[in-house]
Amino acid sequence: MTEQKRTVSIHVPVLTRVEGEGALDLRIENGEIVELRLRIFEPPRFFEKFLEGHSYTEIPDMVARICGICPVAYQATAAQALEKLFGVELNPWAQAMRRVFYCGEWIQSHSLHIHLLAAPDFFGCNSVIELARIAPDEVRRGLRIQALGNELMELFGARSVHPVGIRVGGFHHAPALSQISAIRDKLRAALPEAEALIRWAASIPVPQDNQAFVSVAMHHASDYAIERGQIVTSDGLNIEADAFDTHFAEHHEPFSTALFSTYQQQPYLVGPLARLNLNHDRLPERVKTLLAETGLTLPSRNLFHSLTARAVEILLALHEALRLLEGYRVPDTPWVPVTPRAGVATGCTEAPRGLLWHRYEMDADGCVVNARIVPPTSQNQGRIEEDLRLSLLNLGLDQPDDALRLHCEQVIRNYDPCISCATHFLRMKVERG
Amino acid sequence: MSTPTVHSIKPRVAVHKFSSCDGCQLAFLNLGEELLVLAERVELVHFAEAGALDPDTEVDVAFVEGSLSTPEDIERIQHIRQHCRMLIAIGACATSGGIQALRNSANGAEWVAQIYSHPDAISSLERSTPIASQVKVDFELWGCPVSSSQILAVVNSLLLGVAPHDNADKVCTECKRRNLTCVMVSHGVACMGPVTRAGCGALCPSMGRDCYGCYGPAENTNTDALAAQFRALGLTPQAIVQRFQSINSQAPVFLAAANKVKTR
């Protein structure tokens, strides 16, 4: 068939509905993929370099600027790392509220991704504005849930983009009981909306595209891991955050300003589906019931289930926030004093897009000597390319160009890549003369 | 709804991104249901993160997020300028070069070599600079990040045909209006509020903490007096320099203040 022999060259110069600047190059010759690259060309911003010399007190405000969509993840991970090094035990209030604050970010980020970035593809729309014409109630519901996530973050951080509430040792400020009562009512009212969102997300037909991959996520003895836990993999690894860089490696490809991560020389998956695969037994009973109703069986090998995984995690985050805000009391103090000391600090949390790992070498005055940050998107980058290759073969390379292009974009959006996060990260051990 | 004062033809709007964290675009994407109202009042011609991709069509207003940091950026911003009637720079990256402009005082090429094993493949200028360093900017909206209410105020001004309001007053004025206790006077905290541009609503002092200058310099600042106050509070010269060298390090007023402390 001549169609088999055609040469296809697809170049998507600017990927839309992703965070940051990336492009896709695909070349098919004689029915074979000869080139497939997710190119990240977002300019490097050199964060880790300019953190050097700055005080631990400034780090949460500075690292927030890595990403406008998940600043809490950066702040919470940095604070956790530094608190561990300085031997600081958060008071129970601050420990619980870190998780509530983080839940706000999951709700906001996941709802933004589902409705504004991912769902339009499945309805033949280019944007949420177009989607709102054919599914107005669903879009409005999504925007309301997103707004509620922002509101929860504002309670602890005064604003949801680069919030100003976290400090090493706790929070700068505790919300008043009246504010907590008001948000609890809103969270409770959002539960049926989030349940309906799960049913809607699960009802969207997706391709059957099962692939083999290793899932990596944090895991906690009792909680669905968000702000603390061990690092585990679906092939049985279980390690502390400190041991991350002995098992996971990063390398640089010349076509990208992001670094690629590997586990046992292979790409791996982080993010909502990896978390759900590894931690679904930690979901609250009500969320488990809803998940069972969708018919989604876990572990899932189909990345197109990521949309539903995000919806499930929104409901989880609402439940968790409500549980932790039950019986809320304003604490005597929202933070505990901190005495810096020299040493190496590592921290790890589950950002909305997956595992986020920080490492800081600090001097005795509490200033950064060097820093290393491994964000979820650079960890997923190798997996995205592997997925694209397998998924295109599964779809059939004889499909029309437009279908191939749309499929590639959908595959990429399953990972909700945050390219702003993925760039400008470095391996500080590489020193050149 | 009140009588529409808008012309029957919707203004065409573009949102462009350069080097940034994406946080200022979120001022649009975090509007909630108002996003749909905005989409009725203006035509969003280009906004890659929201799905609209058309960087070449003429628009009435181009909002630009991010700083210029690669040779390609320079070409792209000139193209954008040629295709818009009004260009509005939003956020610290676009107005001062942003936090990544901290590299301007360092050796960028050396940094690239330390980070990437294929440094030749990385296209990066030595400096991260604001939009106005290359093209005419009609209005600058400062802040890291700008807020949804700031963005809506600008859009509404334009829809009504009036110039957007430029509030270059100090954070202190917002603190007083909110009846907040001064964190510097009462708690001895090294607050940047006296030299920082208003617009956030004094968020940090409302949390009982120091303003760290993320909205950039206000008008008529007295950075000498503030540096002296920081010294009196016990800050080291290095700590004072870092107060001015953070989110808006290359804003001329903050850069000059830092250099003055360094050479003292």
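The model is predicted, with local features requiring pLDDT of at least 70 and side-chain atom pairs pLDDT 80 or more, whereas totals for chains, interfaces and linings use all residues. Residues are numbered from 1 along each chain as its sequence is written, chains are lettered from A and ligands numbered from 1 in the order in which they are written, and side-chain values use heavy atoms, without hydrogens and water.

In chain A, three strands form an open sheet in the order β11-β12-β13, with antiparallel pairing. Strands are DSSP runs of E with at least two residues, and helices are runs of H or I with at least four, numbered from the N terminus; two strands pair if DSSP finds at least two bridges between them. The edges are β11 (343-351) and β13 (368-374) of chain A, each pairing on one side only. Neighbouring strands are turned by 15° against each other on average, direction ignored. Angles run from 0 to 180 degrees between N-to-C directions, with axes fitted to C-alpha atoms, for helices over the stretch in contact. Six bridges join β12 (residues 354-362) of chain A to β13(A) in the antiparallel sense. Helix α13 (residues 376-395) of chain A packs on the sheet and touches β11, β12 and β13 of chain A (contact: heavy atoms within 4.5 Å). The direction of α13 makes about 130° with that of β12(A).

The structure holds zero disulfides over all chains (a disulfide being a pair of cysteine sulfur atoms within 2.5 Å). A:C125 is buried at 8% relative accessible area, and A:C408 is buried at 1%. Buried means under 20% relative accessible area, exposed over 50%, and partly exposed in between (1.4 Å probe, protein chains only).
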